[in-house]
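I opened this notebook to record what I looked up in one protein structure.

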Amino acid sequence: MGVSIDDVAAGAHVSTATVSRALRGLPRVSAATRAKVIAVAAELGYVPSPSASGLATGRTRTMGVLVPFVDRWYFGHAIEGIDQVLREHGYNLLLFSLGGYLHGQKRSFTESMVRKQIDALLVLSLGLSEEELRRLHHTEIPLLSVGGPVDGCPGVYIDDAAAATAATEHLIGLGHRRIGHLRGGVQDEKNFKVPALRTLAFEAAMTGAGLELRPEWAAAGDFTVAEGVRAAVQVFDAPGEPPTALFCGSDEMALGAMFEAQRRGIRVPEELSIVGIDDHDFSAPAGLTTIAQQPWNHGRAAATMLLAELGGAVGAARDTLMPFELIVRHSTAAPR
């Protein structure tokens, strides 16, 4: 039998992943380690298999993208931005969809990625456990999050706290004092930081303005139109006086609230102002006031960073705050 990569790793006293990176010319391997690996490989007569991963470049020229969903507005636009950059540079995109935030007790995407031999990984709007991060870092591939902060790796995202604050202060500035909140769902908050960041910022803005947080005016959705309708029903059916405005943690929930308000004959914005976050494709036609972000640009920026990292620019993949903008349309006005 010929010499294997395991033999080289044992002889150089490093992991097989380090041997692979050293022989493929990838970054994040010190000059001393690379020289040692090359020397041991030459001494043992190690020749990589032609099927391993493209001897000419030493790369699979494939970038992995890990998502909890593929049918949500943010994910679809971010993936499109990523794919455009990759195609421009001759790279392929390999999509790992978990089919939701809850995907069994054990997620097996790390083993799949090692088997597929991707060169880098983008994680979209998904928190990772310490064990998952440990296993991903063990592969020594560049890692970057998109859509929100993830402990243990840099990311590309907006300042969600500042965005939620801007939306809430817009309502307060119009004169609203009775403001309700449609927030992200429990499972969203367990698996990702963004929903909680927006909720905490809303509560802080309200408290800072001396306004009361009424629990009957708060309801959880899951960032979808259907759940926005359900959450709005809960708020509208609450006893006592109704809110004059709603801050929604996403445009899809805001659109759901608008549909339910229309069904009940609640006039927007004359009787109820509604503001969201995202600038969903349907927000402009619906006249929804929102905090706009551009996931297509987030995806392009993230993919560009990882390609630079793969090209040897150590540190190119870094925390990057993307811009957002308050767009005032017809769903918000001063209370009567």
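The entries below follow the order in which I looked things up.

**Entry 1: the whole chain.** I noted at the outset that the model is predicted. I counted the secondary structure of the protein chain as 14 helices and 12 strands. Of its 336 residues, 51% are buried. I also looked up the contacts with a separation of 6 or more, and 72% of them join residues 24 or more positions apart.

**Entry 2: helix 7.** I asked which residues of helix 7 are buried. In this helix, which spans residues 130-139, they are Glu 132, Leu 133, Arg 135, Leu 136 and Thr 139. They lie on the same side of helix 7 because they cover an arc of only 165 degrees around the axis. I recalled the general rule that an α-helix has 3.6 residues a turn, so residues three or four places apart point the same way. On the face turned away from the buried side I found the exposed residues Glu 130 and His 138. Just after helix 7, Glu 140 has a positive phi of about 65 degrees.

**Entry 3: helices 11 and 12.** I then asked at what angle helix 11 and helix 12 cross. The axes of helix 11 (residues 225-236) and helix 12 (residues 251-264) cross at roughly 55 degrees and come within 7 Å. The two helices are therefore oblique to each other, and the crossing is right-handed. Among the residues that meet there are Val 229 and Phe 236 from helix 11, and Leu 255 and Phe 259 from helix 12. I recorded the residues of this contact as 10 nonpolar, 2 polar and 3 charged.

How values were computed: Residues are numbered from 1 along each chain as its sequence is written. This is a predicted model: local features need pLDDT of at least 70, side-chain atom pairs count only at pLDDT 80 or more; totals for chains, interfaces and linings use all residues. Side-chain values use heavy atoms; hydrogens and water are left out. Buried means under 20% relative accessible area, exposed over 50%, partly exposed in between (1.4 Å probe, protein chains only). Helices (H or I, at least four residues) and strands (E, at least two) are DSSP runs, numbered from the N terminus. The arc is that of the directions from the helix axis to the C-beta atoms. Axes are lines fitted to C-alpha atoms, for helices over the stretch in contact, and angles run from 0 to 180 degrees between N-to-C directions. Angles under 35 degrees count as roughly parallel, over 145 as roughly antiparallel, 65 to 115 as roughly perpendicular and the rest as oblique. A crossing is left-handed if the near helix is turned anticlockwise from the far one by less than a right angle, and right-handed if clockwise. Contact means heavy atoms within 4.5 Å. Ala, Val, Leu, Ile, Met, Phe, Trp, Tyr, Cys and Pro count as nonpolar, Asp, Glu, Lys and Arg as charged, and the others, Gly among them, as polar.
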